[in-house]
Number of protein chains: 2
Amino acid sequence: MIRMAIFGFGTVGKGVAEVLLKKERLLKNLIGDFKVVAIADSKSSLYGDFDLREAIEYKIKHGRLPRDERARDLFDIESFDLLIEATPTNVFDGEPGLGYIREALKRGINVVTSNKGPLVVAFKELNDLAEKKGVHLGYEATVGGAMPVIKLVKKDLAGNQIIKILGILNGTCNYILSRMESEKIGYDQIILEAQQLGIAEADPSYDVEGIDAAAKLVIIANSLLGLDAKFEDVRITGIKNITPEAFDVALKKGYTIRLIAEADEDGKLEVAPRLVKLTNPLAVYGTLNALLIKADLAKELFVIGRGAGKYETASAIISDIIDIYAR
Amino acid sequence: MIRMAIFGFGTVGKGVAEVLLKKERLLKNLIGDFKVVAIADSKSSLYGDFDLREAIEYKIKHGRLPRDERARDLFDIESFDLLIEATPTNVFDGEPGLGYIREALKRGINVVTSNKGPLVVAFKELNDLAEKKGVHLGYEATVGGAMPVIKLVKKDLAGNQIIKILGILNGTCNYILSRMESEKIGYDQIILEAQQLGIAEADPSYDVEGIDAAAKLVIIANSLLGLDAKFEDVRITGIKNITPEAFDVALKKGYTIRLIAEADEDGKLEVAPRLVKLTNPLAVYGTLNALLIKADLAKELFVIGRGAGKYETASAIISDIIDIYAR
């Protein structure tokens, strides 16, 4: 029996819980019996013998969970084998997820996370700790949502030398640039509409300034190119100065403009708007993410998918869980 | 020590041998010690204690291997743990690969193959046999070359229900249609030039009539959609009747034409030229392959890569070998 805890019970945490319920039979076939024995959000918790469906309903109704203990307390109150860590991202100090992941790994608990922050701040420390303790740290959901990147390169391209990885890692920016390309309207108008649609945050700076893409690039560089990159190593230019007129010029020559994140084996780390040929598979539209992986044997591999969303992120978390426990 | 045999020593077999030599140290780190102890082509062989590099050189120089024993004889002459099966494809009777794979699995030998024929003719029989004998049958290289499909869906999308898989599975057809789109020249002229470039065979019917794409679709349908599909179940239309004028009409409306193979969970199996929006990631150019995988959680995932080529196919074979033996 795999005893699971979910820390962070917002969109992602609740999405994972829903999928665990909806796919219970399939998952039990794949990984054996399991049970969620602890949940925590930023101010409350639930643990012991509870009904997961009722917990989701309670959280939706009350905006919190029934008990007052906090996430950190649960390590001593309840015992579990797997921490699903889905707290909000802070790419500068990694907290609160960094503390939770560190504590779990120290205690020999497997971790699967959707939280970029801890991996950006302490990639090497956390991976070394997991190895030392003989436990797994899965982080497919931190990069590209349902678009496989980490396991794709480590498994499907096993044996390849990875030369370069570049592409679109932020769906909000891609949505803005796609609309600017097709409708020739300005940044301010698009961002307003994107906010109304829930595609952009109230404060969109994290996305449009390239911070989110840069954070994902650091994880990709450390995980797949063997670098020891820090967030500060990334040269970042956002998309706020791109105008519809720039697209006019680009389109006439057969190009569009996209926010491209690039890391290579020599340590180049850059996020910047770049011209992309319209016939290049990276010229994707809407909120899609897209990556080109250059490798010595496979030559060039593109992967394009949904970089965010409740079930899309859950898809990546579930695939990590199956990877750890598959029988 | 993993003892390997390579059956089929043409482009693919030699490519795998070259990669085993070139990446010997990396691979030994990943899977432990290994050695190629037997090689066979259609009329000759080599076994025992030989130098793999010299074997490649001998084959290139003499067009055959030093010994007269045939592939089938090697099962009794030499003992090995892994058969790398890379003989030519026949999608109608599966031979000679089908006999080799069957014999290997019966003897408890793991098999990795790039040969579509045996999987198209006897997918269920071979997979059941592998399971019964507790050995592995890897066939990533049969579908899409270096473009991951089988392990991508089974591992990266583990937990997802696959609803539909569609896309471009034949690089020769895609090259022909791409050139027709961009240069407005006719089928006969393009096929002649493609033959000179080595992109099309002297008899291109296998590719342009959709047979190759249909064979790959059968493997995808059986492997990833849980169908029990036969080659005869696929409705096939080739590309020979497509004209440059058809592209004129399509392009004006924002579409191009591509040979699309499609399989869905309800058993639809079709290969036919179809209109594809120019902004759709499946609208790829040149010899690329491209697939769209629709799944319940991940929603839509595109993967685009090199569907053929010596090292590209070796990449898929090596990833299967690592998947079996990774420590």
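Hi everyone, this is a short walk through a predicted model with chains A and B.

Let me start with chain A as a whole. It has 13 helices and twelve strands. Its radius of gyration is 20 Å, close to the 20 Å that the globule rule gives for 327 residues, so chain A is as compact as a globular protein of that length. If you like boxes, the C-alpha atoms fill one of roughly 65 × 45 × 35 Å along the principal axes. Of those 327 residues, 53% count as buried. And if you take the contacts in chain A with a separation of 6 or more, 71% of them come from residues 24 or more positions apart.

You will see A:Lys216 in helix H11, residues 211-224. Is A:Lys216 buried or exposed? It counts as buried, because it has 25 C-beta neighbours inside 10 Å and the cut-off is 20 or more. Beyond its neighbours within four places in sequence, A:Lys216 is in contact with A:Lys116, A:Thr142, A:Val143, A:Leu169 and A:Ala261.

On to the interface. Here 36 residues of chain B are in contact with 36 residues of chain A. On the chain B side, helix H7 (150-156), strand E12 (299-306) and helix H13 (310-325) each supply at least two residues. That side divides into 21 nonpolar, six polar and nine charged residues.

One last thing to look at: how does strand E12 of chain A pair with E12(B)? The two run in the antiparallel sense, over five bridges. To spot the pairing on screen, go to A:Phe302, whose bridge partner in E12(B) is B:Ile304. Thanks, folks!

Key. Residues numbered from 1 in each chain as written. Chains lettered and ligands numbered in written order. Predicted model: local features only at pLDDT ≥ 70, side-chain atom pairs only at ≥ 80, totals over all residues. Helix = DSSP H or I, 4+ residues; strand = E, 2+ residues; numbered from the N terminus. Buried ≥ 20, exposed ≤ 12 C-beta atoms within 10 Å, placed from the backbone. Contact = placed C-beta atoms within 7 Å. Nonpolar A, V, L, I, M, F, W, Y, C, P; charged D, E, K, R; others polar. Pairing = 2+ DSSP bridges. Rg over C-alpha atoms; globule rule 2.2 N^0.38 Å.
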